[in-house]
Amino acid sequence: MNRVTVIVLNYNDYLTTITLVNSIKKYKAIEHIVIVDNSSTDNSFEKMSILSDEKTHVINSGRNGGYGYGNNFGIEYAKQHFYQRRQREQSEKYQRGDSTGPFCGDYRTERLGQVVVGFRHALCRGAAPLRREPFVVRP
C-alpha cells in the first residue's frame, strides 16, 4: 500500500485544523501530516503545536503568501524531511550491504500530487450542509 503525506494549510482557524487532524491521524494510509500555519494572527501556530509528534509536524511558513505559497512550503518541507531522508537511508543501507538494491520505490518526488478536500461553510450564501468529498487534482 502506498502511504501518503498530507499537507494541511491553516490561517486563523486552528479549531477546524485540530479537528481535521485528529480525525485523520489514525488512518493507516497516512504516513505524515504537515500542518502549515500561514502566519496566522490568532496564535494558531502555538495552539496547534500540541499536535506535534512523530507523525504530525506543525510548521510556520513565515509569511502569509496565500494558498499556493503555503502548500508549496509544506511540499518542500515534506520532500526535505521525509522523501530525501528516506532515499539517503536506503542508499546507506545498500552501501552497507543491508539492502538488496538502491532506492527506487514509492517515495519518488515526481509522484507528488494534490488532494483537495472541499468544505462549504454553513454561513456562506447558498451553502449546502458541510461536505467532505475529496477529489484529486492531477499534476
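The exercises below concern one valine and the aromatic rings of a predicted model. Local features need pLDDT of at least 70 and side-chain atom pairs count only at pLDDT 80 or more, while totals for chains, interfaces and linings use all residues. Residues are numbered from 1 along each chain as its sequence is written, and side-chain values use heavy atoms, with hydrogens and water left out.

**Exercise 1.** State whether valine 58 is buried or exposed, and list what valine 58 touches.

Solution. Valine 58 belongs to strand S3, residues 56-60 (strands are DSSP runs of E, at least two residues; helices are runs of H or I, at least four; both are numbered from the N terminus). Its relative accessible area is 13%, so valine 58 is buried (buried is under 20%, exposed over 50%, partly exposed in between, with a 1.4 Å probe and protein chains only). Leaving out residues up to four places away in sequence, valine 58 touches Ile35, Phe45, Met48, Ser49, Leu51 and Ser52 (contact means heavy atoms within 4.5 Å).

**Exercise 2.** Classify the aromatic pairs.

Solution. Rings of Phe, Tyr and Trp (its six-membered ring) pair if their centres lie within 6.5 Å; planes under 30 degrees apart are stacked, over 60 edge-to-face, the rest tilted. This rule gives two aromatic pairs. For tyrosine 69 and phenylalanine 73, the centres are 6.0 Å apart and the planes at 35°, so this pair is tilted. Both residues lie in helix H3 (residues 67-96), four residues apart. For tyrosine 77 and phenylalanine 82, the values are 6.1 Å centre to centre and 80° between the planes, an edge-to-face pair. Tyrosine 77 and phenylalanine 82 are both buried.
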